[in-house]
Amino acid sequence: MKYVLIALFIILALPVSAEEKNRGKEIFTTVCFACHKLDRGPNMVAPPIFGVKNHYLQAHPDRDGFIRRLSSWLEKQDPEKSLMPGALRRFNLMPPVVLTPEDRVAVAGFIYDADFSEPSWYAEHYQKEHGPK
Ligand code: HEC
């Protein structure tokens, strides 16, 4: 019986996580990507996603903590809780996004798992903002 339950759990859990992954990607490309690009550009309105992810990873290397922090930012953009005060000064506060709690978790998980490659200018920029590591 125990093994039947475990097998059932695995069968049920797999499609859900694949679905959540697709959902996270879909939200990222349809909502976030309008402002958060992969690289810098002439009409940049928000920090590139690599920089956002890097700041959240520095503070929360574990997946759960990362997702909790990022989804709470998506729920409410509280300047007191910002991990990117430099971006806040430069771009002003991020406007609210309307997402369900499940969608906030899905997109935060997608960002944690995604493999955004580091833009060539990033290391120098980070050092300027934060000093040598
Ligand atoms: C209309 C433009 C816009 C959209 C859409 C947008 N953002 Fe932002 N976001 C910004 C700007 C501007 C900042 C930098 C200022 C700040 O931190 O509030 C920012 C900052 C952030 C930060 C860092 C917050 C901090 O200061 O610690 C995170 C995390 C973030 N965005 C995630 C997302 C995600 C995920 C989405 C999609 C669900 C998204 N953003 C959609 C404009 C946007």
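Let's start at M94, which counts as partly exposed because its relative accessibility is 22%; here buried means under 20% relative accessible area, exposed over 50% and partly exposed in between, with a 1.4 Å probe and protein chains only. The model you are looking at is predicted, so local features need pLDDT of at least 70 and side-chain atom pairs count only at pLDDT 80 or more, while totals for chains, interfaces and linings use all residues. Residues are numbered from 1 along each chain as its sequence is written, and side-chain values use heavy atoms, with hydrogens and water left out.

M94 brings us to the metal. Through its SD atom, and together with NE2 of H36, M94 coordinates the iron atom of the ligand at 2.0 to 2.2 Å. Donors are N, O and S atoms within 2.8 Å of the metal (3.2 Å for Na, K and Ca), and sites may look incomplete because water is not among the atoms. The site of the iron atom has 6 donor atoms with angles of 87 to 179° among them, and is octahedral; for six donors, that term asks for opposite donors over 155 degrees apart and all others between 65 and 115. The pair links distant parts of the chain, 58 residues apart: H36 is in the loop between α1 (2-30) and α2 (49-59), and M94 in the loop between α4 (85-91) and α5 (101-113). Helices are DSSP runs (H or I, at least four residues), numbered from the N terminus. H36 counts as buried, at 13% relative accessibility.

Next, have a look at α2. With 8 of its 11 residues buried, α2 is largely enclosed by the rest of the structure. Among those buried residues are I49, F50 and Y56.

F50 leads us on to the aromatic rings. Rings of Phe, Tyr and Trp (its six-membered ring) pair if their centres lie within 6.5 Å; planes under 30 degrees apart count as stacked, over 60 as edge-to-face and the rest as tilted. The count comes to 9 aromatic pairs. In one of them, the rings of F50 and Y122 are edge-to-face, because their centres are 4.9 Å apart and their planes at 80°. F50 lies in α2 and Y122 in α6 (residues 122-130), so this pair ties together parts that are 72 residues apart in sequence. Y122 is buried, with a relative accessible area of 4%. The rings of Y122 and Y126 form a tilted pair, with centres 5.9 Å apart and planes at 40°.

Finally, F28, F33, F110 and F116 form one aromatic cluster.

Notes: Four donors count as tetrahedral if all angles lie between 85 and 135 degrees; four count as square planar and six as octahedral if opposite donors are over 155 degrees apart and all others between 65 and 115; anything else is irregular. Helices (H or I, at least four residues) and strands (E, at least two) are DSSP runs, numbered from the N terminus.
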